[in-house]
Structure formats: structure tokens, C-alpha cells
Amino acid sequence: MSAIIGSKKIDFSEEQGMLLDVAREFVKDKSPGSEVRKLLESEAGFSQPVWQELVDLGWTGINLPESVGGSGLGIAALIPVIESMGKGLMGTPLVSTVLAAELIRRAGGVSEEDVLEDISGGCAATVAYLDGSDWGGANAGVTVDANGVLSGTKFMVPDAAQAMWIAVVGSNAAGDKVVALVAGSDVAAQAHESHALIDLTKRAETLDFTGVKAQRVLSGDKVTSAIRDYLLIGALLTAAEAVGSTSACLAGIVDYLKTRKQFGKLIGSFQALKHPTVDIYVGMEHARSLVYHASSEIDEGPLSVEAEVACRMAKAKASDIIQYAGDRSVQFHGGFGFTWECDSSLFIRRAAWSQQQFGDAMHHRKRLAPLLLDS
Amino acid sequence: MNATDPSLQNFQTDIDKWMSENVPKNPGFLLPLTFLEVGTEQQLDFLREWQHTLWSAGFLGMHWPTEYGGQGADPAYQGIVDKALGAHNAPIIFNTIGLNWTGPLLLDVGTEEDRQRYVKNILTGEEIWCQGFSEPDHGSDLGNVQTRAVRDGDEFIVNGSKIWTTLGNYADHMILLARTDTSTARKYDGLSFFLAPMKVDGVEARPIRKVTGEFGFNETFFTDARIPTSCLLGDEGGGWRMAMKTLEYERGVIAGQASAHSMQSIGLEDLMNAMHDFERDGAPILEDAMIRDELVKLAIEAKANSISDRRAGIPALNTDYPFGIALSNKYRHTEYARRLKMMGAHVQGAQGALFMDDDRAYMGGFWQRAYFANFGTTIGGGTTQIQANIIGEHVLGLPKS
């Protein structure tokens, strides 16, 4: 078809199908509502034994090559897992960890295989990317001197408290972008400042890296494209998680609309509630289609333009629909929806988190415009 | 049979060649974009001749049996023809109610006599069909049909009226749903289904002028019209089942249609082409940030729509709501098309206020008319709001409204 619509590829392998089945069951089993609620209040935000089970299932290495202990299935195989976790609002450092692995794999070389082995073996990792609130900014404010010593702080580093490896995006003396690999244990306790996040299933911190010496510093041409790809894959994984959360939010709305009576009628019979719920459903399916399309367009190498378009579309659509779903969920639950106890509070908070990770819908539409309209 | 079959590939080449030589050029007047919009004799004659040309070449109803005017070919061939018709921007194949609803229905459940009598003339375009389901007072509530057909010897006497009768003023026959029994416990059991003649006394089709200013459908009045009992399709009282089957063909739930080219599709590429002809703030309109965002939103929707359609064929990705994507097809596509066409009118600046009759109207008012005409698809065949009820109730399991 036309250039503007581009590829319509959507593949779903047998491995992905198996992972989807396994991950759904795993999340249903390990992350029931009561467990989600319990973990909201905990310091770590996730269960260490569950993380270990997930590591034993090989999920920290699904995307990594077999040479470093991974399964060699690529990002596509992670999508069903991340989507399922989103559905169960399961808190784990998995997204942060696999994104760090992707950035390191793409920016580094054979000498980084030991770090990737650590990660596929279950060491949590993360990327310190943001200098402040702007996903579209340079985010190169942390400097790395000739001895590999860092200076500066990074904002909202996800799962920083757990990370054994932190990939810090910064710049060197020449002003070129670099990725400094920092051991989590090299960052002093007082350099961690944890955030009070809107989504209580998540954890993030501001980290002051001043005076920390990197274990190694990755630089060169690959770094720029690796950072770009990290941002796109991050957007895609956030979208996958958001789609899962949206479907759970939708199920909650539908359940309420089927059981709650007002004026002697089930409220789901009122079209004022029914029709917006249908729009949530249709939007969720669209976002899900775009997510699996994007996963079909990503491979080992630098992301193609088609892959970039796909990731950005998936994130734009998923951001909008989870926001709408969470918002309507609170509203449609009426007085109960306004309370902390109602799970709508979890979804509207997840929506706010998902919208702002790796750029919101407007951020991605703005970047889609030249890709789609100016060719 | 699949697309890599060598005989299909050869056929693809042949059909492309045939289309480039035979698809009629612009006749100098606006043609209907859909079968709902045939409003003048001039358009009718043109489209009838075009359909006949396509059939004579053997490219219409290719998978229908040869004894009824088809080619007895694999359905894949007609699929290739339909795609080529779209790709070559060919005028529509207008006799849709015959070709896509009545024809397959008769091949499915009709008697041998019915098939001999009607099917070939549907393909050639010699006889035009219309549909008499909806009535003025209850458009979407088909079970409540009030048009009466009372048996009188070997005839039924029909009284009542039908509305939105597409092609009704030109049609030779109507698939008619009428009430033959008012005493049944279930309202559905009193309905019967007729292959009714239109050109008889007591049947009058009055053209309805549409929001575009054009004609295309009618209100059809029956005043003591007499139709033979042999016009019954199925049993007396068995009309509901036939009507539901017809709707399955109409909505594309089951295959067998003679040609899918009943509408000329307008896509994002057409809108992009229009972009080269307008400016905003003294600069090319494609540089306008607001316009760009609207176009990107449409592109996301278009892509999500078509990838979702493909995803419907992957069962493992449809376990939560197995038929949701298929059941939301009309809802998604027709509403997207409405927004797309509205945008085609918006981008024209002051020119967007001109309509078809103005010589300065952009592309003869193509976009304004396309936007208005698109309501035929968001209203006809079950409105968007009825579709939302269907999705809400049958996909999500919400209580009935």
C-alpha cells in the first residue's frame, strides 16, 4: 500500500505464544490484587522470591544472545511477558533491566559480554538517562572525565536501588555522548534520593554520580544509535506494559458495569457508560496491534525507519488509551471510584506513569510527523 | 489456492493489463462513490454499461456456477479482480444488492427456479435489485417490521412502506421483509421474505434527496400491491432467518459475494495529494504544525485499523475477546473514514465552504461530498451507535440497553 501507511507486518511466533501463556499464568498466580496492594507499601516494590523465579524462567535474558546465557529470542519475545506484567500491575525491575541490557549490547562490544552475562543471570540493571523532565532534551549533563570519573546527577532513574549495573548516559570532555557503566555498589547510599511516584507499583530515584568512577566507558559511533534505539525500545516496552494495564482496567470497568445497579438497572445498560467503554476496548485493541506490529519490526541491529515509526505509533496510541481508560474507570465507578480502595486508583496512576515514560503521545506524534509526511 | 500459485500470478498480470485498457476514463460528471449514491439516469446508464463490460469479459461473479452466468472459478480470482478494480480506481460495480446479498442468498438457499430466473440477470446488470427491510418508524429495529402481506389465493396483498431503498426507483426486484402473521407469540415468527417485483401496480418508489443534495435512495410505498405467492423465499413465517442470512452477506460475515467493489475507497494518500494544493499562513499547508498533528493521528488510526484486521487472523493474539476485532470492523473503519473525509474538507480553507455546483469548488466538491456521503456508512447497515451496542454486549458482555 502507500508510503504513509507503510508496513503492516504482524508476526507472532510459537515462542511468543508460549511465553504469553506462561507469563499470564505466572502473573495471575504471583500478582493477585492483594499482593499488588501489599507491595505498594513495601520499600522494594516487588517480591524478591518472585524475581528469583522470574530469573529462573530465563526472562532476564530472553532478548540476549545465547553466548551470554540468554535465549536469543530478541525484544519480540519480551513483549508478551511485559504485557502480562502490565495486566497484573506486577512490580519488578524487569523493564529497567532488559532496557539496560539492550543499551549496553547496542553501545558496547564483546568486552561487555561479562556485564550482559550478569544481567541474563539475574542481576538487576537500569539506565540513568534523564537530566530533568525533558525526554527530548540532550540529557548529557553528566560528564565523564578522562579517568572515567563522573560528575552530575540523573533524574528519575527507575529501580535504581536494585541495580547492580547502571548505564549512565552522559558526555565526555570532547562533548561526545558516552555510556558509563557504573556498578551499583559504587554509588554511595547518600547519593540516592528516592522519589514519591504517582504509580506506587514503581520505584525510581535521583542519583548523584559526582565522584563515582565508572567500571568502563562506552563511546564512539555506536553509542548515538544505541541511545536512540534504547529510547524507542523503552517506548515500546512501556506501551506493551500499558496495553496490559489497559486491558485489566477495562475488565474492571466491565465487571462493575455488569454488577452495579442504579435506578433499578444494571449501569452497563446505560449507553452513556457502555459506549465510552467500547471506545476503550477498541483503542486498547488498536494499541495492542501496534505493539505487536512494532515487535515484528525490531531486530538485533540498529532500528529501521519502519521500526521507529512502529514504536512511536505504539507508544502514542497506548499512552492515549491508558489515560482514557484510567480516567473513565475512576468516573464510572462513581463515589467508590473516588476512593483509594477502588482499583481504579491503581490504573489512573499507572496511566500517568506510562504516559510520561519515554515521552508522551504528543512527543511521539511530533517525531512521527517528519517520518510520515516529509518523505 | 494461494497467491503464489502460478496461474493466479499470470492472472494478476492479465487483469492489470485489462484494467489499464478497459477501466473507463472520467466521464465528465461526478460518479457515485458508493452504490448508495446512484442518483441520475446518466450515472445509472454509465454504471450499467461498465458492469456489463466487466461481466462480458468474465470478471464478475467468477466463482459463481457457469449455469447462472459465472465462471465456476476459484474465489481467489474474483479477489484479484476486486483488488485490481480498487487499484485502478475503477468506477463502482453498482448492482450491489443483487451481486452481494441477493445473489449469494439465492445460490445458498434459493430454489433451482429462482436461480435460473434471477442470478444471471444480476450479473449482467440487466435487472437491478433493491432491499426492503427498514421502515420509516423503526430503522434499526428489524424485528418490528410492520409492512403487511396478506394472502389472497395465490397472491399476497402488500401494504406499508419501506425507507432507505437504495436504487429503489431503478430496481426491478426487491428483497422484501413483510409481516404475514400478526398473531405470533414472537414478533419474528410473523415475518416472511419475498423476492418481490417492483414494476407492478401499487408500488411507488419516491426518491429521497440526501444531505449531499443528490439522490440515491427512496421511500417505497406499497398500496394494495399484488405479488404472487411464488415470490416467497423460504417458508411463510420463516422470513427472519432469511433476513439474518442476508445481513450476514451484507456485513461480509460469510463469503460468496460477486464483487467487493461496491465503493470507491478514499484513503490517506488521497488526502496527502490534496495537501499539495493548499497553503496556510502563506506557507505550504504541510508545514503547519496543527495540520501535521491531525494527519499523524489519522495515520496512526489507519495503520492500527489495518494491522488489527490482520491480527484478527492470529488466534493466539485474540484469546481475551475472540471475535472483537471482526465485530468492531464497521465501527472502526466507517468512523475513521468519516474523520478522514472531514479533514479533506477542512484543509481547503475558504474553499471548503464551496459545494459541488460551484465551478471553483476544489475537485468539484469531492471531499465535501465524500464527507457527507460517508454518513451512509455510519448510519446504514446498523448505525455506529448500534454497532457500539453490539460490541458492548457481544464482545464485552455488557447488559442490553
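This is a predicted model: local features need pLDDT of at least 70, side-chain atom pairs count only at pLDDT 80 or more; totals for chains, interfaces and linings use all residues.
Chain B contains 12 helices and 9 strands. Its radius of gyration is 22 Å, close to the 21 Å given by the globule rule for 401 residues, so chain B is as compact as a globular protein of that length. Along the principal axes, the C-alpha atoms of chain B fill a box of roughly 75 × 55 × 50 Å. Three domains divide the chain: domain 1 (6-128), domain 2 (130-250) and domain 3 (268-395).

Domains 1 and 2 of chain B have C-alpha centres 25 Å apart. Contact between them involves 19 residues of domain 1 of chain B and 20 residues of domain 2 of chain B. On the domain 1 side, H4 and H5 of chain B each supply at least two residues. The largest share of that side comes from H4(B), with 7 residues. By class, the domain 1 side has 12 nonpolar, 4 polar and 3 charged residues.

H4(B) also packs against H5(B). The axes of H4 (residues 96-109) and H5 (residues 112-124) of chain B come within 10 Å and cross at roughly 155°. That angle makes H4(B) roughly antiparallel to H5(B). The crossing is left-handed. From H4(B), the contact uses Gly98(B), Leu99(B), Thr102(B), Gly103(B), Leu106(B) and Leu107(B). From H5(B), it uses Asp114(B), Arg115(B), Tyr118(B), Val119(B) and Ile122(B). The residues of this contact divide into 6 nonpolar, 3 polar and 2 charged.

A further partner of H4(B) is H6(B), which spans residues 239-250. The axes of H4(B) and H6(B) come within 9 Å and cross at roughly 125°. The two helices are therefore oblique to each other. Their crossing is right-handed. H4(B) contributes Asn100(B), Trp101(B), Pro104(B), Leu105(B) and Val109(B). H6(B) contributes Lys245(B), Thr246(B), Tyr249(B) and Glu250(B). By class, this contact has 5 nonpolar, 2 polar and 2 charged residues.

The contact between the chains takes 40 residues from chain B and 36 residues from chain A. On the chain B side, at least two residues each come from H7 (268-275), H8 (289-311), H9 (324-327), H10 (329-346) and H12 (384-395). H8(B) gives the most, with 15 residues. The side of chain B that touches chain A has 21 nonpolar, 9 polar and 10 charged residues.

Within chain A, H5 (residues 94-107) packs against H7 (residues 221-259). Their axes come within 8 Å and cross at roughly 155°. H5(A) and H7(A) are therefore roughly antiparallel to each other. H5(A) passes H7(A) in a right-handed crossing. The H5(A) residues in the contact are Val95(A), Leu99(A), Glu102(A), Leu103(A), Arg106(A) and Ala107(A). They meet Lys222(A), Val223(A), Ala226(A), Asp229(A), Tyr230(A), Ile233(A), Gly234(A), Leu237(A) and Glu241(A) in H7(A). By class, the contact of H5(A) with H7(A) has 9 nonpolar, 1 polar and 5 charged residues.

Note on methods:
Residues are numbered from 1 along each chain as its sequence is written. Chains are lettered from A and ligands numbered from 1 in the order in which they are written. Axes are lines fitted to C-alpha atoms, for helices over the stretch in contact, and angles run from 0 to 180 degrees between N-to-C directions. Helices (H or I, at least four residues) and strands (E, at least two) are DSSP runs, numbered from the N terminus. Angles under 35 degrees count as roughly parallel, over 145 as roughly antiparallel, 65 to 115 as roughly perpendicular and the rest as oblique. A crossing is left-handed if the near helix is turned anticlockwise from the far one by less than a right angle, and right-handed if clockwise. Two residues are in contact if their C-beta atoms, placed from the backbone, lie within 7 Å. Ala, Val, Leu, Ile, Met, Phe, Trp, Tyr, Cys and Pro count as nonpolar, Asp, Glu, Lys and Arg as charged, and the others, Gly among them, as polar. Domain bounds come from an automatic or database domain assignment. The radius of gyration is taken over C-alpha atoms; the globule rule is 2.2 Å times the number of residues to the power 0.38.
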